Amino acid sequence: MRFLHTGDWHVGKTLRGRSRADEHRAVLAEIADIADDRKVDAVLVAGDLFDTAAPGPESEEIVYETLLRLAGERPVVVIAGNHDNPNRFNAVKPLLELGNVVALPRVAQPEEGGVVDLETGAGERAHIVLLPFVSQRGIVKAEALMSQDPDEHAGEYAERLSQVLAHLCRVGDGLVPSRISATDPAAVNLVLAHAMVHGGTMGGGERSAHTVFQYSIPTSAFPAAYHYVALGHLHRAQELAGGCPIHYSGSPLQLDFGETEDAKSVNIVEATPGQPASVEQVSLSAGRHLRRVSGSLATLAELADTVGEDFLLVEVKETPRVGLADDVRELLPNAVEVRVPVAEPPPPNGGGNGDPPQVLFRRYLARMGASNEQVEALFDELLEDADAP
């Protein structure tokens, strides 16, 4: 059987206020074309279809039209990620199933949707274990959160989620009496999960609170007898060392300036009962690239004809003055973020009271010798959340 593995679409994602809807339409159409060209038997979508739990109508249109197009020739199996709203997922689930899309918003018992068996017209079968995102508070008991240290919580989360996987995959004898078979030597056995797994490398645009160690599970949680584990959550396409092939497909677009070096792709998985699976990365070309550039105004002017449609993060190497950022944007209209030098940081206990929090935080990091773009971006995100009504 042949599968296409994708995920982390994050439809609705903006880049410093700029819509990326047209890029998402283009890249998801490209994925649908690949599914058709490669004649895949099923498509696996590993969560985070949306960027927010309350997507707008345009985002919903893009996602649902894509799912239905993908399902026109083969079944589609999709799970909810940490950015998706499981209640909204559950509301459209019956309609999606009418369109040949199997959707699971929350972890479920095997006989209640936690495991699905698919058959092709040729009589081939796939046995797929589904693991949507599970939050720490959703799996660790309240008394444990109140009484244990954070490192103990991490152990609790990893242990409990590993037990959930064992339950779904029937690891051990007699765990779950069910009409759905356990690991089947006559079928292709897969796991589709949205989770942080030990050894995974972040792309840069993930939600930091859900990628720390407390949310991570070991690769040993996945059965070695399975053909393939299709993961979502991390935006960089990568394979993890384990008893069977374990892959993140990554996001289809560069979603944040932490992902400028990431090549985007989907995975095509060929699997036959009783044989090892083969995995091929198929590159994606739709969507704009994100790029970092730096230099004086003269240097940036020379770059203006070479950056094309790339979205830019620009670091200016000029003496600070009023209007410097505007001059950069006039030279480079696709500059979505312009970083200009800040004045010498004020003394630790004085000055700067009238500056915005972002500037004060960056000055503090600079003074401590700890400047970090990802930390600064997280601070901005937290500040936006705090200011939200």
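Is aspartate 36 buried, partly exposed or exposed, and what is its relative accessible area? I looked it up: aspartate 36 is partly exposed, at 30%. Buried means under 20% relative accessible area, exposed over 50%, and partly exposed in between (1.4 Å probe, protein chains only).

**The model.** I am working with a predicted model, where local features need pLDDT of at least 70, side-chain atom pairs count only at pLDDT 80 or more, and totals for chains, interfaces and linings use all residues. Residues are numbered from 1 along each chain as its sequence is written, and side-chain values use heavy atoms, with hydrogens and water left out. I noted a mean pLDDT (the predictor's confidence in each residue, from 0 to 100) of 86 for the protein chain. In that chain, 85% of residues reach 70 or more.

**Salt bridges.** I count a salt bridge when a side-chain nitrogen of Lys or Arg is within 4 Å of a carboxyl oxygen of Asp or Glu. The count comes to 21.

**Aspartate 36.** I found its side chain in a salt bridge with arginine 74, at 3.0 Å from N to O. Arginine 74 is buried, with a relative accessible area of 4%.

**Glutamate 280.** I found a salt bridge to arginine 38, with the closest N and O atoms 2.9 Å apart. This pair ties together parts that are 242 residues apart in sequence. Glutamate 280 is partly exposed at 36%, and arginine 38 is partly exposed at 27%.

**Others.** Arginine 20 and glutamate 23 meet in a salt bridge at 2.9 Å, N to O. Both are buried. I also noted a network of salt bridges linking Arg16, Glu315, Glu337 and Arg339.

Definitions and conventions. Helix = DSSP H or I, 4+ residues; strand = E, 2+ residues; numbered from the N terminus.
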